[in-house]
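Subject: Handing over a structure, with notes on what was found

Dear colleague,

Please find below the structure I promised to pass on to you. After it come some notes, written for someone who has not seen it before.

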Amino acid sequence: MGLGNEPPRAAAEFLAEGLRRGENALVVAEPARGEALRRMIEAPIDRLVLVGAQKMLDRFMEGGMPVPERFDASVGRLVRESLYGHGATGLRVYGEMVDLLWREGCRSGAVQLEELWEQLLQRHQFSLFCAYSVDGFALAPAALEGICSRHHRLVAEDPKLDAAVDHALDETLGRDEASRVRPLIQATRRSGAEVPWAYKALCWLRRNLPEQALTVGELARARVRDFE
Amino acid sequence: MRVLLVDDDPCDQVLAMCALEQWTEAPEVHAVCSGELAQEVLSAGFAPDLILLDGRLPKASGVEVLAWIRAQPALAGLPVFLLSSSTDPLEIKRAEDAGASGYLVKESDHERLTTALAGLEILVRLRRSHLTGAR
């Protein structure tokens with residue numbers, strides 16, 4: 001299923017807002033989606049750099065894991081070049097590489113790549129928008145805690161996601177049980193990003209009922225596929 | 001089902017106990033007013049299914065007591081929920097890092113807290129059925 005043909009609307013808004021503020025944009029995406037994103041935001045040609053996600057991965061991945069030095073020499077270099085090019089005041093990056101790795105089964109590599117992005121963000125002042133597909137990183141309970149703790153804000157682009165997780169929760173715990181657990185999940189405070197219900201529920205389950213978290217994640221993914 | 005309630009505020013103790021009495025199967029609640037007493041009863045062999053821990057206790061804080069609980073092999077996987085009046089994100093983060101199962105804010109709206117605590121019965125039941133292999 002992947003990220004679909006259309007780029008996430010929230011990503012287009014994120015990049016367009018940066019361009020209005022005089023920042024540059026860097027898009028590391030599947031080429032067709034990157035092009036669609038460029039058309040959506042109508043970016044001036046000298047303010048937006050488009051790079052293929054797979055092409056970029058090929059530059060620093062080895063044996064399913066990112067090589068930090070090669071990541072820095074490719075992605076890091078591109079970020080540094082884009083950061084202040086053409087008199088820009090900053091940089092906004094849209095990336096799909098982690099999700100791509102996860103869907104290809106390179107799960108450790110995906111998690112490690114998240115870490116490398118985090119380190120790059122600490123070294124340079126730019127904003128990063130990561131896209132995760134529902135059948136990839138986004139509903140994998142093992143990855144969710146990391147996603148939620150590393151990002152300032154999470155957006156569920158697919159409006160069906162919350163409903164899918166709700167339905168899966170009913171199926172897994174039983175309708176009555178789920179209706180009693182929901183207020184507890186809602187009332188549980190989290191540190192870090194404000195997260196949509198679907199992610200909050202999965203993170204809570206992961207911490208408290210890990211087996212049920214896996215089932216709910218699987219069922220929700222299947223449900224979203226059915227909706228397609 | 002057995003619950004260990006650790007709170008130094010008698011009013012909060014009563015409120016939590018009232019909420020727990022609403023469970024379908026009312027649990028046996030053992031209430032203590034400090035982290036030290038909690039450590040004592042746990043060390044003496046009291047084996048609860050759930051611990052509700054006030055975040056702001058005298059002497060050892062809720063997070064410190066939680067860290068001690070997580071360091072005990074027999075208690076490491078036990079659901080421990082922090083109940084606190086604080087909404088400070090740093091305190092929430094500290095609780096998460098120490099291994100809290102969840103962080104609940106003591107609401108002025110008691111009904112909301114009662115509704116939230118009702119979900120804990122399901123959590124305890126699901127965990128018990130998993131541990132005993134029952135379905």
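The notes below take chain A, then chain B, and then the cysteines. Please keep in mind throughout that this is a predicted model.

Chain A

The secondary structure of chain A amounts to 11 helices and 6 strands, and of its 228 residues 54% are buried. If one takes the contacts in chain A between residues at least 6 apart in sequence, 72% of them join residues that are at least 24 apart.

In chain A there is an open sheet of 4 strands, which follow the order E2-E1-E5-E6 and pair in parallel. Its edge strands are E2 (48-52) and E6 of chain A, each of which pairs on one side only, and from one strand to the next the twist averages 15°.

Going through this sheet pair by pair, E1(A) and E2(A) run parallel and are joined by 5 bridges, with A:Gly52 in E2(A) as the bridge partner of A:Ala29. Strand E1 of chain A, residues 24-29, is also joined by 5 bridges to E5(A), again running parallel, and here A:Asn24 stands opposite A:Leu91 in E5(A). E5(A) pairs in turn with strand E6 of chain A, residues 127-130, in the parallel sense and over 4 bridges, where A:Gly95 stands opposite A:Cys130 in E6(A).

Chain B

Chain B has an open sheet of 5 strands in the order E2-E1-E3-E4-E5, and the pairing is parallel. The edge strands here are E2 (28-32) and E5 (102-105) of chain B, each pairing on one side only, and the twist averages 20° from one strand to the next. Helix H2 of chain B, residues 35-43, packs on this sheet and touches strands E1 (2-6), E2 and E3 (50-54) of chain B, its direction making about 155° with that of E1(B).

Helix H1 of chain B, residues 10-21, has 12 residues and reaches 16 Å from its first C-alpha to its last, close to the 16 Å expected at 1.5 Å a residue. Which residues of H1(B) are buried? They are B:Gln13, B:Ala16, B:Ala19 and B:Leu20, and because they cover an arc of only 130° around the axis, they lie on the same side of H1(B). The face of H1(B) turned away from that buried side carries the exposed residues B:Pro10, B:Cys11 and B:Glu21.

One backbone detail in chain B is worth checking by eye. B:Lys59 has a positive phi of about 60° although it is not a glycine, and most residues other than glycine have a negative phi. B:Lys59 is found in the loop between E3 and helix H3 (62-71) of chain B, and B:Lys59 counts as exposed because its relative accessibility is 77%.

Cysteines

A search of the whole structure finds 0 disulfides over all chains. For B:Cys11, the closest cysteine sulfur is that of B:Cys18, and because the two sulfurs are 11 Å apart, they are too far from each other for a bond. B:Cys11 counts as exposed, with a relative accessibility of 55%, whereas A:Cys203 is buried, with a relative accessible area of 1%.

How values were computed. Residues are numbered from 1 along each chain as its sequence is written. Chains are lettered from A and ligands numbered from 1 in the order in which they are written. This is a predicted model: local features need pLDDT of at least 70, side-chain atom pairs count only at pLDDT 80 or more; totals for chains, interfaces and linings use all residues. Side-chain values use heavy atoms; hydrogens and water are left out. Two strands pair if DSSP finds at least two bridges between them. Helices (H or I, at least four residues) and strands (E, at least two) are DSSP runs, numbered from the N terminus. Axes are lines fitted to C-alpha atoms, for helices over the stretch in contact, and angles run from 0 to 180 degrees between N-to-C directions. Contact means heavy atoms within 4.5 Å. A disulfide is a pair of cysteine sulfur atoms within 2.5 Å. Buried means under 20% relative accessible area, exposed over 50%, partly exposed in between (1.4 Å probe, protein chains only). The expected span of a helix is 1.5 Å times one less than its number of residues. The arc is that of the directions from the helix axis to the C-beta atoms.
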